[in-house]
Amino acid sequence: MTKSENPPSPSGSATTLDDMTDADTGTLERFYDGWARSYDTDLLAMGYTAPRRAAGIMRDYGIDPSQPVLDAGCGTGLTGVELQRCGFTAITGVDVSTASLDEARAKGCYAALKRQDLS
């Protein structure tokens, strides 16, 4: 899929995602803060399966679920939910978006969440 072929999100929030490629930290934070409430619904509607696949790979490779896991760029916590379903308990999430971290916190699957600029 090319940049111009991004599927529209059901909420309309993700229509400028391509514009974020070279965005500064403040712009990224504002963009994801504005998208946080509909992010899960939008990504699932787009067929996003990476969180489930990543957690399944960790489980299938026999990674000890009691060991700490860093979910870098955790967003709203979709990967944390899937990791928890696979038995992982010591999950730390970091993300630039405070609103996304609030959504992730509400899921109750992280041992710790921290705002962090990963760029």
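In this predicted model, Ile57, Tyr61 and Ile63 together form a nonpolar surface patch of about 350 Å², where a patch of this kind joins nonpolar side chains within 5 Å, taken from residues with over 30% relative accessible area and no salt bridge, and areas follow the Shrake-Rupley method with a 1.4 Å probe.

The chain comprises 4 helices and 3 strands, which are DSSP runs of at least four residues (H or I) and at least two residues (E), respectively, and their order from the N terminus is α-α-β-α-β-α-β. Of the 119 residues in the chain, 34% are buried.

The largest pocket holds about 320 Å³ of space; a pocket is an open set of points on a 1 Å grid where a 1.4 Å probe fits, with protein on both sides within 12 Å along at least five of seven lines, and lining residues have an atom within 4 Å of a point. Its lining consists of 19 residues, among which Tyr32, Gly73, Cys74, Gly75 and Asp95 lie nearest the centre. Both α1 (25-45) and α3 (78-85) supply at least two lining residues, and α1 gives the largest share, 3 residues. By class, the lining contains 9 nonpolar, 7 polar and 3 charged residues, with Gly counted as polar.

Residues are numbered from 1 along each chain, and side-chain values use heavy atoms, without hydrogens and water. Local features need pLDDT of at least 70 and side-chain atom pairs pLDDT 80 or more, whereas totals for chains, interfaces and linings use all residues.

Notes: Patch = residues over 30% accessible without salt bridge, like charges linked within 9 Å, V, L, I, M, F, W, Y side chains within 5 Å. Salt bridge = Lys/Arg side-chain N within 4 Å of Asp/Glu carboxyl O. Points joined across faces, edges and corners; volume = space filled by probe spheres on them. Buried < 20%, exposed > 50% of the residue type's maximum accessible area, 1.4 Å probe, protein only.
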